[in-house]
Amino acid sequence: MDFQPGSLVKVRNREWIVQPSDDEEVMLIKPLGGSEDEITGIFLPLNNPDDKIESTDFPKPTVDQLGDFATAKLLYNAARLSFRNGAGPFRSMAKLSFRPRSYQMVPLIMALQQEVIRLMIADDVGIGKTPESLLIAKELLERREIKRFAVICPPHLCDQWQREIKDKFDIDAVIIRSNSQARLDREIQGDVSVFQYFPYQVISVDYIKSDTRRNVFIKECPEFCIVDEVHTCAKPAGTNKGQHLRYSLIYDLAQKPNQHLVLLTATPHSGKAEEFQSLLGLLKPKFEKITLGDAKQEERKEIAGHFVQRKRADVVKWMDEETLFPMRDSAEVGYKLSAEYALFYNELLDFARGLTVGTQKESKIKQRMRYWTALALMRGCMSSPQAGLEMLERRINKQNLELEEEVDLTENPVLDNDEAFDADNTPSQVMDKAEWESDEIRSIKKLQKLLEQAQGVKLDYKAKDALTIVSDWLNESPYHFNAVIFCRYIATAKYLGEVLGTVLKRKFGKDLDVQVITSEDPDEVRKQRIDDMKPSPKRVLIATDCLSEGINLQESFNAVLHYDLPWNPNRLEQREGRVDRFGQSSPSIKTYLLYGKDNPIDGVVLKVLIHKVKEIKRDLKISMPFPDDSQSIMDAVLQSVLLNPKKIQENLQLGLFDGSDEIKKAELQFTKKLDDAAKREKASRDLFAQHAIKAKDIEDDLKAVDAAIGNPDTVKNFVKEAMAYLGVQIDPYKEGFRLYFNNIPEVLKTALVLDIKKQYIQVTFKSPTPEAYIYLGRNHAFVEQLSQYIMAAALNPEPNFKIARAAVIKTKAVDQQTTLLLFRVRNVIGEKGGATQLVAEEMLLWGYEGMAEEKQFLGLDQAKKLLEIASSTDMLTEPRKQATLKEELDALDDIKADFDRVALQRAEVLVTAHEKFRKLVGGVKYQPVLPVLPMDIMGIYVLIPDKK
């Protein structure tokens, strides 16, 4: 039996389409009009009589299938939306649950240009690196160039990746980490590892970085791997053991010669040249030795073929397609200290200054430790009373600790570094190594008593101002702002949960949900708490920086309050990027920053660091990394502040900034480094923005995809018209529609999550999805089942529900009798010089004016326009309809050759598109498109001119 892919066969009294198969003993078949999930295999050597395979043709419409012409458009769109294999160059588009933005196709094109994919996607926070990378994986799967893929990410991002893969690409991936390994092992059949058995994997980088697991993974991992937050896997400039293990893992993976590797990060250059160079080396070893500033033009061009980095301004209007990002309302809010807190603060300043001054007889290590301790005290106690008390209480009895002999004096542990923000800070870590004198112990006890008296919103004005800001946000009209409050310390987050949560819940009642999330919570608990907040009308999430990187919060939140001032502008950007990203349905977001007016350290950090970085971003429209060596400069600034804090505080209160000579010198140095870093970043953005890939190169292909399989507007119109035909009420409502489900057929209700109390659900056909709406894309189960339902009603009509495969109407849309034909064509796309074949489907509209033998054929655009505008203007008798239709059906055999020519001409168009795409991506394997003849005649519609 030699049935070619795409041919129509009959098995067990049902029509099937033959699919490509890698095993010559297994014949794969898909039900005609069925879904991908219904693909079935027949093991040919068994020779089962019940599985007798016969060639067949698709039945033409008959006079018994005459019906309402208005349903012809329903049938056409149902067929288009049911296709999962489009015939255009982009193979995966028909299987996505979203319509990618045009700019998101650029990394895909870059990847297809490479035989072995090595690509770094370093777009700004919120542009969409996750779907861009998964789009590459999906395209390679559909082209049958890979069979498996893995995502390697920080452990706290595993659940989010699994959800994205399922929601947008309908792929079920397993999570491989310490708490899932045993369960997965029980599911495995045979003697294979978890990395071999499961085709689609999301893996915790910290789980597989150890020597024992790393070696197994490197040997048996999927051929395509995505590495998220890859900057945390850079070769460490210092002695960071955890980061070194991550780097070793990805480095070993990159050494595999045929390993496809896509690296993702919003901050590829942390400011440390050695770490950035190590990331480039993962793309190609020779890139690690190239310094971009000194690189030759040929070297820059080669690196640019593996590196894409775009800021928002690059994509907002790319290809004339508007990508909406929310407007950002930002503010800095200064708070004053209450009298009680000010009394404590003055005592703290004196104590911190005493620690900083110390004694010259102490060793260099002890001097540094005392300075770091003073800095940690200041930062912890000004974060919240609870953080300060925790620090003081835990350290009061540890005055005789031994200091480590080897201490890295170059890295101040109190500053915010550029490593992953997936952990919290314990304010007492530095003080673990401090030694206390008896008078210092007495001072600490005094500080404890003063701080205990300054808790709560009445005396803690920082918390009081935060309460006012968040309350105002929740009360705003016409829509309110749900806030994420970011804190630096676990103790501060818990403290705010108590003091703010109590007041807010009393104020807003059951409408408000307040949650606290820190790194003490397991990943699953964090995810569950965030998910559980969605039903509440108003939400406040208090979190540490364990949620500031990689986590998507835009669906539930649209405001960020920085409760603790970061000492690294990257953290500001990462925190705000949780809500300020593509997918945020709110037209605007709030990003407010709290700082202490009475706190000289806050004042210096704002002026020297935050304001300067914001100025650069405002002028150059780019986010920039914390420059290399900045920690030593910040150390000089902060140490100078601690030496004379009261003078600086007084000047700040007068609106002046007249610090010490050390501060002025450090400020100048720091400003120069920021300017240099900004110049490097701008040069890098210009080099890697991928202006070489022009919009016009893919514009026609994307339009052809929309025409073949339908765009979001097609889905919207199809659902609205189908609901109207079924007698189901669907009404416009605010940002979408209300779909009342009383009259929806039971078979379709199973695809919806229904609340019987409401009698309706809110749906939308646009992305980003507004809050409280369900997005109905072409691959949503409801749309898919609705398409199948309409198709079934056309092929097997019921008495009470009939979709017309044939119609005869009088209409003013034509001047002479015109016949429209609705074809379904299957195309086989072959691999040049190989055995791989793909079967793709599309709908063609065609027709002719007058009688068939006159061959006055319509163009595709003419036929489509008539399908859109024609409507019945007068009644025709049933005998007249039947006689007219029978005459046209009989005439079809005379123009069969013309049908075939339509398919072949369409194939030539597709060949041209594939050839153009081949030139764009360079030497791709696919060759001529061959239509399977004859085409299926899905419908025939005769339009008779109304001469009245």
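Ala772 counts as exposed because its relative accessibility is 62%, where exposed means over 50% relative accessible area, buried under 20% and partly exposed in between, using a 1.4 Å probe and protein chains only. This is a predicted model, in which local features need pLDDT of at least 70 and side-chain atom pairs count only at pLDDT 80 or more, while totals for chains, interfaces and linings use all residues. Residues are numbered from 1 along each chain as its sequence is written, and side-chain values use heavy atoms, with hydrogens and water left out.

**Around Ala772**
- Ala772 belongs to the loop between S21 and S22, strands being DSSP runs of E with at least two residues and helices runs of H or I with at least four, numbered from the N terminus.
- Although 235 residues separate Ala772 from Pro537 in sequence, their C-alpha atoms are 9.4 Å apart in space.

**The sheet**
- Four strands form an open sheet in the order S19-S20-S21-S22, with mixed pairing, where two strands pair if DSSP finds at least two bridges between them.
- Strands S19 (730-733) and S22 (774-775) stand at the edges with a single partner strand each, so one side of each has no neighbour in the sheet.
- Strand S21 (residues 760-764) pairs with S22 in the parallel sense over 2 bridges, and Thr764 stands opposite Tyr775 in S22.
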